[in-house]
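Visitor: I would like to learn how to read a structure like this one. Please take me through some features, one at a time.

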Protein chains: 2
Amino acid sequence: MPIEQLTILAPGLIGGSVARSARARGAAGRIVIWARRLETRRAVAEAKLGDATAETPEEAVQGADFVVIAAPVDAIVPLTRQIAPHLKPGAIVTDVGSVKAEITREGHAALAGKGAHFVGAHPMAGSEKTGWEYGNSGLFTGRTCFVTPGKQTDKKALKAVAGFWSGLGANVVTVDPEAHDRIVAHISHLPQVVASALCAFLSTRDPGWRDFGGAGLRDTTRIAASDPYLWRTILEQNRTEVLKALGGLRAELEGFESALQRCDWPAVTKHLERGSIYRRGLH
Amino acid sequence: MPIEQLTILAPGLIGGSVARSARARGAAGRIVIWARRLETRRAVAEAKLGDATAETPEEAVQGADFVVIAAPVDAIVPLTRQIAPHLKPGAIVTDVGSVKAEITREGHAALAGKGAHFVGAHPMAGSEKTGWEYGNSGLFTGRTCFVTPGKQTDKKALKAVAGFWSGLGANVVTVDPEAHDRIVAHISHLPQVVASALCAFLSTRDPGWRDFGGAGLRDTTRIAASDPYLWRTILEQNRTEVLKALGGLRAELEGFESALQRCDWPAVTKHLERGSIYRRGLH
């Protein structure tokens, strides 16, 4: 079933990339965009990111078959509730939030009994950059996009959402929302916290030292430049799983520190080897 | 004073890059190379990495004005002692080791009274790759190269070593060996330990998860793929400073974990902000 009208709400880096990618691949007949700030709406209209720009979310979803809510995680459920009465029957709503348990549950509840369907998604295509203007049509190519049906998710809607993201070039991985949150706590949220903590600590020493750093420092800390407010909302929704992952990392670091403390070089080497083997397996 | 003969001992990624860069920039009249393994000597000779390949370190330094010891940190002082009796008067020896206090002290002692000079150096241009074949002539361009004179270092030799590295395109930073070791414990060795620990921990969970990772996981962990044995020798020589840095990072991580535990969102945001500000200042 081809998408006649695709509506994108609150485009940032991801939403901007959805618009460009959908257009480049002819994924929708028509693209309508709503952005919260007036100046963003104007800039988006001027750049012709979509075919039309709407003044309100309610107006933007009029007649839409498919809606992508690209807002920060704490704004997704409120927006879903806001547009619920204005969706046409059979409309499908997805999102791009980095945490899925709460959003999937509340998103479904917001549309239940209204003839429209919510299916959560999370394309693993972030960046330390934010803003629709950084979006590009190839952002999802070859990247994982999680699709996270709940127990009550409509099967046809699930298929449509998976098809939408694979149509934008992503490798769709379907998992339940709780498994998703546990996985990303480890492979996305933990690296973020570690990079942030490393930078926060280094800022307490001579900050001029950073200018001497090589590619290692640069790469290891790149994501620490991300927006603190977006990450706060992500950590808020995935607190329990992130705390578990942090506890595991802490134990690993303590083991390393202890081996170094007691000059146990075989144990130090073993830690480094385990890390190296894991990383060499990352393609 | 132009270099007539440059000798490079034990080329890996860095030594291979010194050879290519020196040739590309005409930094020496003639380049002689010695590698420990016979097959490396043959491959290096076949690839014409230098103008000549020697069978032994002693032979390689015959007639050399300038010697770069590109061996792993635990082999630098032994090699310096080995070549000491064979250096011509006024010959200058430098190295590329990632730790400098012990090497600078022992390197100086090995050549003292022999009419030759040791001046430690450390180009910040590593990679998770090892091997001379990955070397390239632009590796040092715009990168920091620490030069670390001790109290007794000959001033003319220091000038020659600083001139050599800036001649290869590096930004030379002159600091005492102890300050160097404290700086790199923070901006190089700590990121390595953190990336390794992150990967070592993730390897204890479902390793298949890594295939879902985005650019964040990839960049944050890249250097974990580095050679564990090279890093063991670096950590061995810089153990005290790395332990201090690790203690500081641990306190930072514990502060973050505690803020997350007690849902202190302003404190969580503050940690992320401090990291973000530091990283945005890294150019």
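Guide: Start with the naming of elements: helices (H or I, at least four residues) and strands (E, at least two) are DSSP runs, numbered from the N terminus. Residues are numbered from 1 along each chain as its sequence is written, and chains are lettered from A and ligands numbered from 1 in the order in which they are written. This is a predicted model, in which local features need pLDDT of at least 70 and side-chain atom pairs count only at pLDDT 80 or more, while totals for chains, interfaces and linings use all residues.

Visitor: In what order do the strands of the open sheet in chain A lie?

Guide: In general, strands of a sheet pair through backbone hydrogen bonds, either parallel or antiparallel. Here two strands pair if DSSP finds at least two bridges between them. The open sheet of chain A has eight strands in the order 3-2-1-4-5-6-7-8, and the pairing is mixed. Strand 3 (52-53) and strand 8 (171-174) of chain A are at the edges with a single partner strand each, so one side of each has no neighbour in the sheet. Strand 2 (residues 28-34) and strand 3 of chain A pair in the parallel sense over two bridges. In that region Ile33(A) stands opposite Thr53(A).

Visitor: Which strands does helix 1 of chain A lie across?

Guide: Two residues are in contact if their C-beta atoms, placed from the backbone, lie within 7 Å. For angles, axes are lines fitted to C-alpha atoms, for helices over the stretch in contact, and the angles run from 0 to 180 degrees between N-to-C directions. Helix 1 (residues 13-24) of chain A lies across strand 1 (3-9), strand 2, strand 4 (66-69) and strand 6 (117-123) of chain A. Its direction is at about 160° to strand 2 of chain A.

Visitor: What is the strand order of the open sheet in chain B?

Guide: That sheet has eight strands in the order 3-2-1-4-5-6-7-8, with mixed pairing.

Visitor: Which residues of helix 4 of chain A are buried?

Guide: A residue is buried if 20 or more other C-beta atoms lie within 10 Å of its own, exposed if 12 or fewer, and partly exposed in between; the C-beta atoms are placed from the backbone. An α-helix has 3.6 residues a turn, so residues three or four places apart point the same way. In helix 4 (residues 73-83) of chain A, the buried residues are Val73(A), Ile76(A), Val77(A), Leu79(A), Thr80(A) and Ile83(A). Seen down the helix axis, they fall within an arc of 165°, so they line one face of helix 4 of chain A. That arc is of the directions from the helix axis to the C-beta atoms.

Visitor: Is Phe164(B) buried or exposed?

Guide: Phe164(B) counts as buried because it has 25 C-beta neighbours inside 10 Å. Phe164(B) is in helix 6 (residues 155-167) of chain B. Leaving out residues up to four places away in sequence, Phe164(B) touches Ala27(B) and Phe66(B).

Visitor: What is the phi of Ala10(A)?

Guide: Most residues other than glycine have a negative phi, and most peptide bonds are trans. Phi of Ala10(A) is near 60°, a positive value in a residue other than glycine. Ala10(A) is in the loop between strand 1 and helix 1 of chain A, and is buried because 25 other C-beta atoms lie within 10 Å. Cys263(B), also not a glycine, has a positive phi of about 55°. Cys263(B) lies in the loop between helix 10 (239-261) and helix 11 (265-280) of chain B, and is exposed, with 10 other C-beta atoms within 10 Å.

Visitor: How many residues of chain A are in contact with chain B?

Guide: 77 residues of chain A are in contact with 77 residues of chain B. Helix 7 (177-202) of chain A gives the most to the side of chain A that touches chain B, with 16 residues.
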